[in-house]
Structures are given as structure tokens and as C-alpha cells.
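Thank you all for coming. I would like to take a few minutes to walk through one structure, helix by helix, and then turn to its core.

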Amino acid sequence: MTKAEKALAIERVGSMVWHGGMDLSAAIWFVGGLFKVEWHVARDMVHDAMAAVMTEEVDKGLTKIGDKNDN
């Protein structure tokens, strides 16, 4: 896999875990195997990916609220 494909994979895994489509433990093991890193490193990578998805969703929600209130 290329670096871009791996980056997309971790982004998708974070999204699936955040939305409930993938178990957190399974995601950590998947990322650990994909990137050949230890469990704690994979855990941090998955948590970071989940945080990125959450942040994006919160930003979209706040933008919609701001638009409704003409802010």
C-alpha cells in the first residue's frame, strides 16, 4: 500500500469506529497489523483518527447553527 492509501485507511477506520461500524479493539488490531506498530501506538493512531472525525462533525454542526442564527 502507498502512504496515501494507508492514510485513507486510517481515516476510514476512525470514521467507522466513531460511527459504531467497527469495534475499537478490532480497529486497533487492524491498524497495528497494517502499519506494523505496537498496540499502544496503534491505539493512539485510532484515537487520533476518531478525534479528527469528531472534530469535523462538530465543526459542521456549529457552522449549521451559526448559519441559522445569521452569525
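I will begin with how the model should be read, and then go through the helices, the loop and the core.

This is a predicted model, in which local features need pLDDT of at least 70 and side-chain atom pairs count only at pLDDT 80 or more, while totals for chains, interfaces and linings use all residues. Residues are numbered from 1 along each chain as its sequence is written, and side-chain values use heavy atoms, with hydrogens and water left out.

On confidence, the protein averages a pLDDT of 90, and 93% of the residues score at least 70, pLDDT being the predictor's confidence in each residue, from 0 to 100. The mean is lowest in α3, at 87, and highest in α2, at 96; the helices named here are DSSP runs (H or I, at least four residues), numbered from the N terminus.

Let me take α1. Its 16 residues should span 22 Å at 1.5 Å a residue, and the end C-alpha atoms are 23 Å apart, which agrees; the expected span is 1.5 Å times one less than the number of residues. Ala-9, Ile-10, Val-13, Gly-14 and Val-17 are buried in α1, where buried means under 20% relative accessible area and exposed over 50%, with a 1.4 Å probe and protein chains only. Seen down the axis of α1, these buried residues fall within an arc of 135°, so they line one face of the helix, the arc being that of the directions from the helix axis to the C-beta atoms. The face turned away from that buried side carries the exposed residues Ala-4 and Arg-12.

Turning to α2, its buried residues are Ala-27, Ile-28, Val-31, Gly-32 and Leu-34. Viewed down the axis of α2, they fall within an arc of 165°, so they too line one face of the helix.

What follows α2? Lys-36 does, with a positive phi near 55°, and this residue sits in the loop between α2 and α3, where it is exposed, with a relative accessible area of 73%.

Finally, the largest nonpolar core has ten residues, including Ile-10, Val-31 and Met-50; such a core is a set of buried Ala, Val, Leu, Ile, Met, Phe, Trp, Tyr and Cys residues joined through side-chain atoms within 4.5 Å. The largest share of this core, four residues, comes from α3.

Key:
Helix = DSSP H or I, 4+ residues; strand = E, 2+ residues; numbered from the N terminus.
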